[in-house]
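Thanks for coming, everyone. I have one structure to walk you through today. Please take a look at it before I start.

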Amino acid sequence: MTAPTPDSSPAAAPARRRVLSGLGAGTALGAVAVATAGSATAAPTAAPAATPAATPAAAPFAAATTTTDPVLHLLRRATFGPTPALVAEVRKTGTTAWLDAQLAPLTAVPDPAMDALLKRWTRLGWKTWQVRERLPDTDRWAVMMEVVESHLARALFSRRQLLETVVDFWTNHLVVPVPSSEVWDNAHLFQRDVVRRHALGRYSDMLNAAARHPAMLKVLDNADSTKRAPNENYGRELLELHTVGVGNYTETDVRMSARVLTGLSVDGESGLFSYKPQRRYVGPVKVLGWSDPNPVAEDGVAVATRYLTYLAQHPATANRIARKLAVRYVSDTPPATLVTKLAQVYLANGTAIAPVLRALFLSPEFAASVGQKVRTPYEDALASCRVLGLTPEPAPTSGDSNLRHLFWALGSFGQAPMGWPAPNGYPDVAAAWNGASSTLNRWNFHLGLAGNWTLKAMTRPAVTTFVPSPLPSTYAALVDALAARLFVTLTAAQREAICRFVDHAPSDPLRAGSAAVTWRLPSIVALLLDSPNFAIR
């Protein structure tokens, strides 16, 4: 008879809460306890997608201890989570050599396993007309679900990890919500031809590609903009979110911006980008320091290209992109010196992103930023899967894949990939994600993964393989060994809290066959993933 999982019984739930409190797993713990009425394994409460809980940034993670190991620091930021194999690789090659390869992924980082896995999503290669012709109205989400599943697969399994984090960054900057009825036939092409193609290239190219893509033109309503009734949505978001940022433009600039973009539209029959000169505003236009006589309707695309390129190269855009990258990879409040330095690199390299990232990761500000970023729920889930060694499931015979289950789970956490409905993108600061619901979701997900009842179709090593041989002599040594395997640094108090959870003092002798290395082992692994130390990005 199999022993019950310790966290599955009502008596064990308060014990789990106590050890989480001992781990320093968050001042939100009290709110979690109230919300779950005494059960630490209650069903996750979904935070509204557009309103993640906001509490002081350091609250749940104030007790976190960190390591100055440069390899782990780099991999926590430049990947979706370190793995034993990746850590060994970077220790062998060196951080700079690994970084340089990651910045040239298509030539320097072979990824045959990922290339083979991507062949499962055959519809990602379809053209817009093929999607329209081949998918019935009842199955319009099919290609969009392949977009999010393949996005998750790359984040979990690709060797080109830095590229995947940058792709996710741009997906959250030039926002096209997926799934969405407006982009059911072209979201996959936006991801391929706009975001992924230019992720490490020049931002001016990406910005121009976005303005010629039906997905962006539909989502921000420019497809319906005309000279008689210019729709200001895209013109405003282009200034506010995609380029110079709030405080650097006026309402007159917004109106002119909308006029410059008139004519960039979508053909209703084919669903492709279409320039419609009959809708084009003609006459002098001026936005910020840029102007154009804009004399004839037929030249509208060229005028728009000059405008978009000007915005991409504007010093305020350089500062905005530099700051967003620094927030993503360095700190919620990055040093002004670093932002200025990165903006200069951006402008000096014609808006190319790879040189900016290289300067960022090699900067003293990055080296000094250990412990200054916290994983979002999305990143926490991916890092947990990676460190536990999950591998792709066999090709599912239906659309009911574990990657789709992960997508829905992330939606219940409030952070499904590409799921933010507003054009400003998911917040990337700790204060947005450290509420009670988010914390509880993380804990439940960790326990499900460690116990192998979450994402069961994805194979993984048994957690018993994490226990060293020969067996550690004490409970403290066991916890330390497991923590090292999961790249978690513990304080003495945290180590003791976990030992006490399995009813032993840290110095107690550990014997083969004890509960801590058999039926209670998944709970110990989950508690280590629950710790604020694991939450550090």
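Is Thr 165 buried or exposed? Thr 165 is buried, with a relative accessible area of 0%. Buried means under 20% relative accessible area, exposed means over 50%, and partly exposed lies in between, using a 1.4 Å probe and protein chains only.

Some ground rules. This is a predicted model, where local features need pLDDT of at least 70, side-chain atom pairs count only at pLDDT 80 or more, and totals for chains, interfaces and linings use all residues. Residues are numbered from 1 along each chain as its sequence is written, and side-chain values use heavy atoms, with hydrogens and water left out.

Back to Thr 165. Its place is in helix H10, residues 161-171. Helices are DSSP runs of H or I with at least four residues, strands are runs of E with at least two, and both are numbered from the N terminus. What does Thr 165 contact, leaving aside its neighbours within four places in sequence? The partners are Ala 78, Thr 79, Phe 80, Arg 328 and Tyr 329. Contact here means heavy atoms within 4.5 Å.

Next, the core. In soluble globular proteins, nonpolar side chains tend to be buried together. In this model, the largest nonpolar core has 156 residues. Such a core is a set of buried Ala, Val, Leu, Ile, Met, Phe, Trp, Tyr and Cys residues joined through side-chain atoms within 4.5 Å. Trp 170, Tyr 203 and Phe 361 have the most contacts inside it. Helix H9, residues 142-157, gives the largest share of this core, eleven residues.

Take Phe 361. Leaving aside neighbours within four places in sequence, its contacts include Leu 74, Leu 99, Leu 162 and Tyr 329.

Now Phe 534. You will find this residue in helix H27, residues 532-535. Phe 534 counts as buried because its relative accessible area is 3%. Ala 483 lies 51 residues away in sequence, yet the two C-alpha atoms are 9.4 Å apart in space. Beyond its neighbours within four places, Phe 534 touches, among others, Arg 375, Asp 380, His 446 and Leu 528.

On to charges. Side chains of opposite charge can pair when their charged atoms come close. How many salt bridges does a search of the whole structure find? The search finds 24. A salt bridge is a side-chain nitrogen of Lys or Arg within 4 Å of a carboxyl oxygen of Asp or Glu.

Here are three of them.

Asp 100 pairs with Arg 358, closest N and O atoms 2.7 Å apart. That pair joins helix H5, residues 95-102, to helix H19, residues 354-361, across 258 residues. Asp 100 is partly exposed at 31%, and Arg 358 is partly exposed at 33%.

Glu 164 pairs with Arg 196 at 2.9 Å between the closest N and O atoms.

Asp 292 pairs with Arg 306, the closest N and O atoms being 3.0 Å apart. Asp 292 sits in strand S4, residues 290-292, and Arg 306 in helix H16, residues 300-312. Asp 292 is buried at 9%, whereas Arg 306 is partly exposed at 42%.

Shared partners also build a network: Arg 328, Asp 332, Lys 373, Glu 379, Asp 428 and Arg 537 are joined by salt bridges.

Last, cysteines. Cys 385 is buried at 1%, and Cys 499 is buried at 0%. A disulfide is a pair of cysteine sulfur atoms within 2.5 Å. By this rule, the count is zero.
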